[in-house]
Amino acid sequence: MSRTKVVDALKSSEYGKQITVKGWVRTRRGNKNVGFIALNDGSTIKNLQIVVDFAKISEDNIKDVTTGACICAVGTLAQSQGAGQTVELQAESIEVYGKADVNEYPLQKKGHTMEYLRDIAHLRPRTNTFGAVLRLRHNMAYAIHTFFHNKGYYYFHTPLITASDCEGAGQMFQVTTLNLDNIPKTKEGKVDYSKDFFGKPTSLTVSGQLEGELAATALGAIYTFGPTFRAENSNTPRHLAEFWMIEPEIAFMDKTELMDLEEEFVKYCVKWALDNCYDDLEFLNNMIDKGLIERLKAVSNTTFKRLPYTDGIKILEEAVKNGKKFEYPVYWGCDLASEHERYLVEEHFKTPVIMTDYPKEIKAFYMKQNADGKTVQGTDVLFPQIGEIIGGSVREESYDKLLARITELNIPMKDMTWYLDTRKYGSCPHAGFGLGFERLMLFVTGMQNIRDVIPFPRTPNNAEF
């Protein structure tokens, strides 16, 4: 008999039908006459109750059916008399596929801290919380692809190994085949990269944007969605060394159109979660963040505030005058901290904010400069609970202006010749943004630490599993 998923069994009203279910035991309880097994197979946050009549199935036959064990149960669907469920399975036979020693299994029926679960990340997907998070992660990825596909964008694969530093941060993981115990040196005593695999220093990418821009000048509108890497020695709840980025690049798009796209995109993802993952959201709302669903609904139904950086600074300076305490100082030219962004979003406007026109000194070299010569056409989306969730901008299409900025920042020209070629041959106005997938996941799930919205977090001194 073919297997029926738990999610489908719970929706069924075909009482009296014989089905086969397979999954992992969440709990087992009962008395001398009857046993109750809560079974979950990952297809839903909800468990299917399996009722075992010991007059039909010996209790000794299910002695290995303990929390964590993997079983196959054949039985008849019946209308449930218990609260909180409409259907249950009256078991006719049970087979144990894999035992889980009750004295050793790390996920017994009790509360576990997130720190403890990170230490057993190979098992934590079996918990209710991480099952919900991972189903939502799948749905958000599917929503992202659906959104861009429906708008006619092309999914473009950018390289993971690169010789350029898109953001100029210098915090990159080096890729090499050189023997680190016997590094070849030049006559000058420097590393001889001619002996390396690529013949030059290479690293794992921090962004696919620059290559994405090349594709946009040929295909019109593209998006990337893949892993990126940053060797930032930070242990905050908002940083990972390996994370995923979504980066659309669009030819002939101006700043207003870019802000429209950013707002539409985020709302689409949030609404997708509400429409397709409500059971998981409801669980997380009850267990992790009591305001989660209300916050998601508010974002999906509100118009984002569009705010020039200069006006935002004035609001923050006024707040300081009125007694608001910030850890970091506020002044024109400062790079806003998360506390500043969240004040604007959560306390002042009480709505997501798209901040624009930042000082050029705190933004990347590729952003288009405004006529004032001091600011650039950045368009960052700021969210409640998170702060910046999207970083975007109109890109500088002028060869001379881009070259001047690269020279001003002392970016090695040998790494930029191919990028500058897009401004030499058929340059066009274009724009794009980057959304950190895990930051979106933090907002959608209500989880408090970014390490808990990716299956296997990579952080300083941690590359387990």
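Biologist: Let me begin with a single side chain. Is Trp272 buried or exposed?

Modeller: Please note at the outset that this is a predicted model. To answer such a question, one compares the relative accessible area with a cut-off: a residue under 20% is called buried. Trp272 has a relative accessible area of 17%, so Trp272 is buried.

Biologist: Which residue forms an aromatic pair with Trp272?

Modeller: A pair of aromatic rings is described by the distance of the centres and the angle of the planes. The partner of Trp272 is Tyr268; the ring centres lie 6.1 Å apart and the planes make an angle of 35°, which is a tilted arrangement. Both residues belong to helix α5 (residues 255-276), and because they are 4 residues apart there, about one helical turn separates them. Tyr268, with a relative accessible area of 26%, is partly exposed.

Biologist: How many aromatic pairs does the structure hold?

Modeller: There are 22 aromatic pairs in the structure. One of them is formed by Tyr155 and Tyr223, whose ring centres are 5.1 Å apart and whose planes meet at 20°, so this pair counts as stacked. This pair joins distant parts of the chain, for Tyr155 is in strand β6 (residues 154-155) and Tyr223 is in strand β10 (residues 221-229), 68 residues apart. In accessibility, Tyr155 is partly exposed at 38%, whereas Tyr223 is buried at 3%.

Biologist: Which residues form one aromatic cluster?

Modeller: The cluster consists of Tyr142, Phe147, Phe148, Tyr153, Tyr155, Tyr223, Phe265, Tyr268, Trp272 and Phe433.

Biologist: Where does Lys363 lie in relation to Tyr358?

Modeller: Here one looks at a charged side chain and the face of a ring. Lys363 lies over the face of Tyr358, at 4.2 Å from the ring centre. Another case is Arg423, which is placed over the face of Tyr419 at 4.4 Å from the ring centre.

Biologist: Let us turn to charged pairs. How many salt bridges does the structure hold?

Modeller: Side chains of opposite charge can pair when their charged atoms come close. The structure holds 24 salt bridges. In one of them, Arg124 meets Asp452, with 3.1 Å from N to O. Arg124 is in the loop between α2 (114-119) and α3 (128-150), while Asp452 is in the segment after α12, so that distant parts of the chain, 328 residues apart, are linked. Arg124 is buried at 2% relative accessibility, and Asp452 is buried at 2% as well.

Biologist: Which residue forms a salt bridge with Glu264?

Modeller: The partner is Lys151, and the closest N and O atoms are 3.2 Å apart. Since Glu264 lies in helix α5 and Lys151 in the loop between α3 and β6, the pair ties together parts that are 113 residues apart in sequence. Glu264 is partly exposed, at 39%, and Lys151 is partly exposed, at 36%.

Biologist: Where do Asp275 and Lys271 lie?

Modeller: Both are in helix α5, 4 residues apart, which is about one turn of the helix. Asp275 is exposed, with a relative accessible area of 52%, and Lys271 is partly exposed, with 45%. Salt bridges may also form a network: Asp260, Glu263, Lys267 and Arg306 are linked in this way.

Biologist: How many disulfides does the structure hold?

Modeller: A disulfide is a covalent bond between the sulfur atoms of two cysteines. The structure holds 0 disulfides. Consider Cys269: the closest cysteine sulfur, in Cys277, is 11 Å from its own sulfur, and this is too far for a bond. Cys269 is buried, with a relative accessible area of 1%.

Biologist: How many residues of helix α12 are buried?

Modeller: In helix α12 (residues 437-445), 8 of the 9 residues are buried, so the helix is mostly covered. Among them are Phe437, Leu440 and Phe443. Gly446 follows α12 and has a positive phi, near 80°.

Biologist: Finally, which residues make a nonpolar surface patch?

Modeller: Leu160, Ile161, Phe197 and Phe198 make a patch of about 400 Å². Phe197 is found in the loop between β8 (174-175) and β9 (202-204), and its relative accessibility of 63% counts as exposed.

How values were computed:
Residues numbered from 1 in each chain as written. Predicted model: local features only at pLDDT ≥ 70, side-chain atom pairs only at ≥ 80, totals over all residues. Heavy atoms only, no water. Patch = residues over 30% accessible without salt bridge, like charges linked within 9 Å, V, L, I, M, F, W, Y side chains within 5 Å. Areas by Shrake-Rupley, 256 points an atom, 1.4 Å probe, with all protein chains shown as cover. Salt bridge = Lys/Arg side-chain N within 4 Å of Asp/Glu carboxyl O. Helix = DSSP H or I, 4+ residues; strand = E, 2+ residues; numbered from the N terminus. Buried < 20%, exposed > 50% of the residue type's maximum accessible area, 1.4 Å probe, protein only. Phe/Tyr/Trp six-rings, centres within 6.5 Å; stacked < 30°, edge-to-face > 60°. Lys NZ or Arg CZ within 6 Å of the ring centre and 35° of its normal. Disulfide = S-S within 2.5 Å.
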